[in-house]
Amino acid sequence: MWFRLDLRLSDNRALAAAISSGARVIPVYIHDPHEAGAWSPGAASRWWLHQSLKSLDQQLAENGSKLIILQGDSHDELIELQEKTGATRLFWNRRYDPQGVRRDQRVEAAFKERGVKVETFNSSLLHEPDMVRTADGNPFRVFTPFWNRLLSSLVPEPPLAAVSVPAMPPKAVQSLPLDELKLEPSIDWAHGLRGSWEPGEAGAQKRLAQFVGSGLFSYSTARDRPDLNGISMLSPHLHFGEIGPRQVWHSAKSALDAARKRDARAAANRDGSSTKNIDVEVFLKELGWREFAYHVLFNFPDTCDQPMRKQFSDFAWRQDPPALRAWQRGKTGYPIVDAGMRQLWHMGWMHNRVRMIVGSFLTKDLLLSWNEGAKWFWDTLVDADLASNTLGWQWCAGCGADAAPYFRIFNPVLQGEKFDPDGHYIRRWVPELAALPSKWIHKPWQAPETVLEKAGVKLGFNYPGPIIDHAFARKRALEALHQCTASVPS
Ligand SMILES: Cc1cc2nc3c(=O)[nH]c(=O)nc-3n(C[C@H](O)[C@H](O)[C@H](O)COP(=O)(O)OP(=O)(O)OC[C@H]3O[C@@H](n4cnc5c(N)ncnc54)[C@H](O)[C@@H]3O)c2cc1C
């Protein structure tokens with residue numbers, strides 16, 4: 001059983017099939033640091049991977065088994081393992097990113113040639129990414145018709161219960177110590193990550209239970225508010241496959257059924273139930289965006305590097321290393337942007353609304369390339385995922401599938417005032433501004449001198465003034481993007 005982004009024992013179709021084959025199962029993980037080239041896991045992902053592998057190994061040990069950790073070219077390592085053990089079958093859950101697909105095809109062909117049966121499964125998506133097509137047989141480029149089509153045929157199978165993996169792998173198979181993969185940073189900067197997350201299947205299940213118990217039924221109203229606890233924070237667990245989307249889907253559906261029964265017993269009015277229904281629908285739709293991201297990446301594999309809308313291929317993004325650095329470090333002088341970038345730096349994660357705001361700021365206010373943003377997120381996010389990151393960045397820049405139109409340029413002050421009205425999010429992540437009244441917290445440069453002084457804010461000293469004027473930047477972006485979108489037909 002070749003584990004990859006499916007680091008769990010429950011609802012793991014490949015693992016379940018391997019066990020039910022009746023043969024002795026050898027659970028193996030192969031680390032190939034160069035396999036994915038530029039998109040090899042970034043620093044935050046590597047930290048998470050280390051913890052997740054440790055947790056999986058512990059789970060396997062509780063079952064009397066062990067995770068065999070290898071390092072090197074996956075194809076070569078698997079061939080060697082097969083020769084050592086005489087394994088007769090190879091099981092895995094399918095990957096859908098371009099590098100993963102290529103690698104899997106190569107391994108599958110090699111094993112077939114050797115007479116070893118390869119059995120593959122889908123454990124990471126609700127549906128195969130190529131399952132639905134438009135009426136004229138093309139992949140979808142717009143989310144809503146994609147999701148409607150998928151929903152009309154989608155009945156995610158019920159998740160499988162956790163399995164126990166019997167018997168130790170043969171003694172001939174030696175595992176590398178996990179530390180030898182050097183996934184953890186040599187200088188320990190990960191205290192914020194450690195304090196924020198519990199990687200591994202148990203942590204994922206806890207996170208899901210917490211969300212379903214307290215956040216799900218306010219999701220549709222709270223999900224856009226970074227100052228509230230209104231989202232699931234399941235993304236890194238989903239990325240590493242510590243939990244599968246079928247499990248999340250059915251858990252949300254079961255909670256809805258249970259709530260409806262309770263409401264019916266209490267003779268609650270119909271409105272109460274339908275609000276809950278909307279919350280669950282909106283939440284499941286977010287899982288739909290994840291499916292869409294994979295649909296797009298699978299069908300347009302070069303979009304992780306190239307814009308989907310070809311007009312953008314030659315767009316003259318600015319080069320401005322100091323501005324890029326200010327953005328990366330959370331020192332742009334726009335509090336909502338800085339709060340988001342500092343949340344990312346501290347905990348390896350950022351609220352979705354704020355991802356959109358910082359993305360708009362980078363690509364439109366600063367006119368820096370979405371590739372720069374995607375690369376930075378790739379290194380710093382614990383949920384860095386090639387499909388979702390690509391879709392998210394191309395959405396922000398206006399060059400992707402179902403992207404924000406070029407003239408949609410977020411005003412960082414208005415966004416802050418709307419989605420963090422009391423400034424709690426800013427106070428948490430930009431403590432220099434904590435004492436400012438809510439009225440000024442999203443635009444400190446407009447606050448009267450006396451207010452700033454009382455709050456201990458010295459613009460340009462302990463907090464920067466805005467690195468660019470938004471009104472000027474907006475006009476500049478509109479002109480540049482208008483020319484670009486008008487110049488070449490799509
Ligand atoms: C510029 C940008 C970059 C992004 N990069 C990533 C990334 O690398 N990895 C990643 O998982 N998500 C990415 N997203 C999507 C989204 O921001 C995160 O999935 C979400 O913030 C995760 O928080 P959550 O688990 O609390 O989500 P919830 O709101 O609780 O949603 C549940 C799940 O649905 C999925 N989901 C939600 N929104 C989206 C979305 N817009 N696109 C795809 N899937 C979604 C996630 O798997 C998420 O865990 C990006 C968005 C933007 C705008």
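**A few notes on this predicted model**

1. Let's start with β4, helix α4 (residues 98-113) and β5, which together form a right-handed β-α-β unit. "Right-handed" means that, with the strands pointing away from you, the path from the first strand over the helix to the second runs clockwise. Helices (H or I, at least four residues) and strands (E, at least two) are DSSP runs, numbered from the N terminus.

2. Before going on, two bits of housekeeping. Residues are numbered from 1 along each chain as its sequence is written. This is a predicted model, in which local features need pLDDT of at least 70 and side-chain atom pairs count only at pLDDT 80 or more, while totals for chains, interfaces and linings use all residues.

3. Back to the strands: β4 (residues 89-93) and β5 (residues 117-121) run parallel, joined by five bridges. Strands pair if DSSP finds at least two bridges between them. Phe-91 has Glu-119 as its bridge partner in β5.

4. Now look at β2 (residues 28-31) and β3 (residues 68-71), parallel strands with four bridges between them. The chain gets from β2 to β3 through helix α2 (residues 43-62), and that β-α-β crossover is right-handed.

5. On to the domains. The chain splits into domain 1 (1-124), domain 2 (125-159 + 202-299) and domain 3 (310-485), with bounds from an automatic or database domain assignment. Between domain 1 and domain 2, the C-alpha centres are 27 Å apart. Contact here (C-beta atoms, placed from the backbone, within 7 Å) involves 14 residues of domain 1 and 16 residues of domain 2.

6. Finally, check how α14 (residues 352-365) packs with α15 (residues 370-380): their axes come within 9 Å and cross at roughly 145 degrees. Axes are lines fitted to C-alpha atoms, for helices over the stretch in contact, and angles run from 0 to 180 degrees between N-to-C directions. Gly-359, Leu-362 and Thr-363 of α14 meet Trp-370, Glu-372 and Gly-373 of α15.

Technical notes:
Contact = placed C-beta atoms within 7 Å.
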